[in-house]
Amino acid sequence: RAELEKRREEKFDVIVGDLADPMEGGPCYQLYTRSFYEQVLKPRLHDGGIFVTQAGPAGVLTHKEVFSSIYNTLRHVFKHVKAYTAHVPSFADTWGWVMASDHPFTLTAQQINERITDRIDGELSYLDGETLISSTTLNKTVFHSLLNETHVYAEDDARFVHGHGTGRAGHA
């Protein structure tokens, strides 16, 4: 937040929110709020700019913790919002990300592959256009939850990742 506020005159094509999970008592949950997106982040994007953020667990049993709410909050700020997921073995769950812009996401898999070829030296191990496009296909349960989510993140009305947060000394 401080970095974006300090750069009030700068505009960016892409802003990546590689943030810690929103945890009660944690340092980052305010960076998932509607007011942050509207007042701090969105004004720093160029016309056609894209914001992408990690959005927490997105599995069948975990997506309602924060993923659906982050997605819905961004839907209230940007005209075009796209959720995507991938299994992250070290997290032992499917993880979610959300991409948002005021311009539609129109690149085809072939166009993404061409941009990767033009901009990346060497071969990517995981990502190609087809993989990125397919990661936006969500299972039925998660898809319907995103469509029906009503919660919007606010400083006084946040959701948190369960089982995480501040610990107390002497307690296991």
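Modeller: A residue is called buried under 20% relative accessible area, exposed over 50%, and partly exposed in between, computed with a 1.4 Å probe on protein chains only. Asp102, with a relative accessible area of 26%, is therefore partly exposed. This is a predicted model, in which local features need pLDDT of at least 70 and side-chain atom pairs count only at pLDDT 80 or more, while totals for chains, interfaces and linings use all residues. Residues are numbered from 1 along each chain as its sequence is written, and side-chain values use heavy atoms, with hydrogens and water left out.

Colleague: With which residue does Asp102 meet in a salt bridge?

Modeller: Side chains of opposite charge can pair when their charged atoms come close. A salt bridge here is a side-chain nitrogen of Lys or Arg within 4 Å of a carboxyl oxygen of Asp or Glu. The partner of Asp102 is Lys42, at 2.9 Å from N to O. This pair links distant parts of the chain, 60 residues apart: Lys42 is in the loop between helix H2 (34-41) and strand S2 (45-57), and Asp102 is in the loop between S4 and helix H4 (109-119). Helices (H or I, at least four residues) and strands (E, at least two) are DSSP runs, numbered from the N terminus. Lys42 is partly exposed, because its relative accessibility is 25%.

Colleague: How many salt bridges does a search of the whole structure find?

Modeller: The search finds seven. Among them is the pair of Arg1 and Glu5, at 3.0 Å from N to O. Arg1 has 37% relative accessibility and so counts as partly exposed, and Glu5, at 28%, also counts as partly exposed. Another pair is Glu10 with Arg7, at 3.2 Å from N to O. Glu10 is partly exposed at 36%, and Arg7 is partly exposed at 30%. Glu10 and Arg7 also belong to a network of salt bridges that links them with Glu3 and Lys6.

Colleague: In what order do the four strands form the sheet?

Modeller: Two strands pair if DSSP finds at least two bridges between them. The order is S1-S2-S4-S3, in an open sheet with mixed pairing. Strand S1 (12-17) and S3 are at the edges; each has a single partner strand, so one side of each has no neighbour in the sheet. From one strand to the next, the twist averages 15 degrees. Axes are lines fitted to C-alpha atoms, for helices over the stretch in contact, and angles run from 0 to 180 degrees between N-to-C directions. H3 packs on the sheet and touches S2, S3 and S4, with its direction at about 160 degrees to that of S3. Contact means heavy atoms within 4.5 Å.

Colleague: In which sense do strand S3 and strand S4 pair?

Modeller: Strand S3 (residues 80-88) and strand S4 (residues 93-101) are antiparallel, with nine bridges. Thr85 has Gly96 of S4 as its bridge partner, and Val81 is opposite Ala100 in S4. Four residues lie between the strands of this hairpin, where Ala92 has a positive phi near 55 degrees.

Colleague: Which residues have the most contacts inside the largest nonpolar core?

Modeller: In soluble globular proteins, nonpolar side chains tend to be buried together. A nonpolar core is a set of buried Ala, Val, Leu, Ile, Met, Phe, Trp, Tyr and Cys residues joined through side-chain atoms within 4.5 Å. The largest one has 29 residues, and Ile70, Leu74 and Phe78 have the most contacts inside it. Two or more residues come from each of H2, S2, helix H3 (67-75), S3, S4 and helix H6 (140-148). Leaving out residues up to four places away in sequence, Ile70 touches Pro22, Tyr32, Tyr37, Thr53, Ala55, Val98 and Tyr153.

Colleague: Which residues are buried in H4?

Modeller: An α-helix has 3.6 residues a turn, so residues three or four places apart point the same way. In H4 the buried residues are Ala109, Ile112, Asn113 and Ile116. They are on the same side of H4, because their arc around the axis (taken from the directions from the helix axis to the C-beta atoms) is only 100 degrees. These buried residues pack against helix H5 (129-134). Asp118 and Arg119 are exposed, on the face of H4 turned away from the buried side. Asn113 is buried, with a relative accessible area of 18%; beyond four places in sequence, its contacts are Asp128, Gly129 and Glu130.
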